[in-house]
Amino acid sequence: MSVHDELTSVQRSLDELFRSLGRLEKQLGTGGLEMRRVRADANHLRESVALLRDAAATPAAPKRADLVTISDAPYDPALWVDSDDEGLGARDRRAP
């Protein structure tokens with residue numbers, strides 16, 4: 001199935017969920033905390049599916065990684081004057 005077909009199927013299921021919630025509210029009433037939570041969750045699902053539908057309608061452009069040019073010229077030795085040798089510590093001190 002295509003993304004559009006899947007989203008349509010999800011939308012139909014949500015519509016059926018809302019119809020079932022309406023019937024359930026008639027039996028249980030709308031005042032209970034549980035019913036309000038279920039209704040709020042269903043509304044969040046509807047909003048999320050709408051966002052998915054919008055995202056699927058406008059495909060994102062493929063991202064191209066920025067290229068970084070690294071020079072072949074040697075580094076300036078002054079960059080390493082105060083550096084430590086990895087695992088050995090500073091040049092003028094003993095290794096731990």
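Select helix H1 and helix H2 together and look at how they pass: H1 crosses H2 in a left-handed sense, meaning that the near helix is turned anticlockwise from the far one by less than a right angle. The model is a predicted one, in which local features need pLDDT of at least 70 and side-chain atom pairs count only at pLDDT 80 or more, while totals for chains, interfaces and linings use all residues. Residues are numbered from 1 along each chain as its sequence is written, and side-chain values use heavy atoms, with hydrogens and water left out.

Keep residues 3-28 (H1) and residues 33-57 (H2) selected, since their axes come within 11 Å and cross at roughly 160°; axes here are lines fitted to C-alpha atoms over the stretch in contact, with angles from 0 to 180 degrees between N-to-C directions. The two helices are therefore roughly antiparallel, a label for angles over 145 degrees. Colouring the residues of this contact by class gives 15 nonpolar, five polar and five charged, where Asp, Glu, Lys and Arg count as charged, Ala, Val, Leu, Ile, Met, Phe, Trp, Tyr, Cys and Pro as nonpolar, and the others, Gly among them, as polar.

Next, select glutamate 25, which lies in helix H1 and counts as buried because its relative accessibility is 18% (buried means under 20% relative accessible area, with a 1.4 Å probe and protein chains only). Leaving aside residues up to four places away in sequence, glutamate 25 touches Thr30, Met35 and Arg39, a contact being heavy atoms within 4.5 Å.

Finally, select the whole chain, where buried residues make up 9% of the 96 residues.

Notes. Helix = DSSP H or I, 4+ residues; strand = E, 2+ residues; numbered from the N terminus. Parallel < 35°, antiparallel > 145°, perpendicular 65-115°, else oblique. Buried < 20%, exposed > 50% of the residue type's maximum accessible area, 1.4 Å probe, protein only.
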